[in-house]
Amino acid sequence: MNSRKRRAVSGASLIDLESAYRGRYPDLLRVATAIAGSVESGRDAVHDAFVDLIRARRSYRKNGHLEAWAWAAVVNAARKQTRRRDSLPLLEEALGGPSTSEGENDRHGAVRAAIARLPERQRLALFLRYYADLDYATIAEALGTAPGTVAAALHAAHETLRQTLQEVESND
Amino acid sequence: MTERDRSIADSLDELFPRRDEEQGDWDGVVADAHSGRYPRPSLAPTRRRRAVLALAVVAALTVLTVVPALAVSKGWWFLRDGLAPKPTSPVVVAINPQPAGPWALIAYLADSNGRTEICYSLTPSSEGSSGAFGACGPGALGEPNLSSPTFATGGGFAIGPTTLDVSVVVAELGDGSTVQARMATAPKALGAPLRFYIVEFPADAALTQIVGKNSEGQVIGTITVPDGTEMHQGS
């Protein structure tokens, strides 16, 4: 049997990709920035991801979700940006950096440090959940894992962060 | 049910606030996607600079459209005449997508005694290099503290580079009227974060000023065009 006949390759249109880009750009940038560690790297990551998506759009299979496909590309591009920026993950620098707001208290500093220490899967799931408001199924597809794994990762991340918050509050 | 924790959400909001004012650069994405020389992340900058000269067709103002019958295959006049500096970057090309008014803008980086310049030219018709003009210079409209950004004008067109901060360029004519320029974002392959403006105005009108504004409408660069300027090469 010809394998090409079995593949549900139907392609994504440029319009679909443009719609995804324009419709979600602030969210895409926010997630990419959080992963890559700087706004500049985040912009590059979103740009590179959509360049790749346009080039690969004919291989997109419509049995998957275009949104998840696009998020997967952005996450991967942002992770590459982090690697390109060398050595220590910039995320940890950014998250662990000094507070810039006069009114920002220890609570946020502690949360920043705690997020930086999370395992990568938990951190990525957290960013996609909170910065892009994605549901578990879309996050799972974007990260190439199962929805149950995402639920477990988010649960663990929540536990860590809640514990951090409680410790900060008990020290006040 | 997908869980969200309010206190965690608040903390995350403060870490990386949403930047609603940013809308991205879709035209640039499309341009780079169609550019055969879009630099891949694995390419070191030095290797990128040594890349063989290539023509990268750029979707400039809208999505890439059918290329009009410009002299693409004959080579660009700007490079043929032997007077223009040799490119040190890929040559990028923007094509007017409207068949009624075909023109092609090319741009590339060049070295001028150790100084990087941006070279660009416009071929305003499909009749070979008739009416073509161009310039090279180091400064783009919108660069802070820059007194003389490079620009070029000829045959009812004015063109030049801007910084990415410039989102709107308006040309003022001698009779007080204004014309808004078309903008083309240079693909990454060029190696410089630039946009280009292309203003078309009546050939018998006098161009007096070129004004660059940011997305909030603030003027961030101005070029005063000397009287009688034609095929001007600013620097």
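Read along the sequence, chain A follows the pattern α-α-α-α-α-α-α-α-α, which comes to nine helices and zero strands, where helices are DSSP runs of H or I with at least four residues and strands are runs of E with at least two, numbered from the N terminus. Please keep in mind that this is a predicted model, in which local features need pLDDT of at least 70 and side-chain atom pairs count only at pLDDT 80 or more, while totals for chains, interfaces and linings use all residues. Residues are numbered from 1 along each chain as its sequence is written, and chains are lettered from A in the order in which they are written.

Of the 172 residues in chain A, 40% are buried, meaning that 20 or more other C-beta atoms, placed from the backbone, lie within 10 Å of the residue's own.

Now to the cores, each a set of buried Ala, Val, Leu, Ile, Met, Phe, Trp, Tyr and Cys residues joined through C-beta atoms within 7 Å. The largest has 53 residues, and A32(A), V74(A), A125(A) and L128(A) have the most contacts inside it; helix α2 of chain A, residues 14–36, gives this core its largest share, eleven residues. Leaving aside residues up to four places away in sequence, V74(A) touches L28(A), V31(A), A32(A), A45(A), V46(A) and A49(A).

Finally, the interface: 27 residues of chain B are in contact with 34 residues of chain A, and α1(B) provides the largest share of the chain B side, seven residues.

Conventions:
Two residues are in contact if their C-beta atoms, placed from the backbone, lie within 7 Å. A residue is buried if 20 or more other C-beta atoms lie within 10 Å of its own, exposed if 12 or fewer, and partly exposed in between; C-beta atoms are placed from the backbone.
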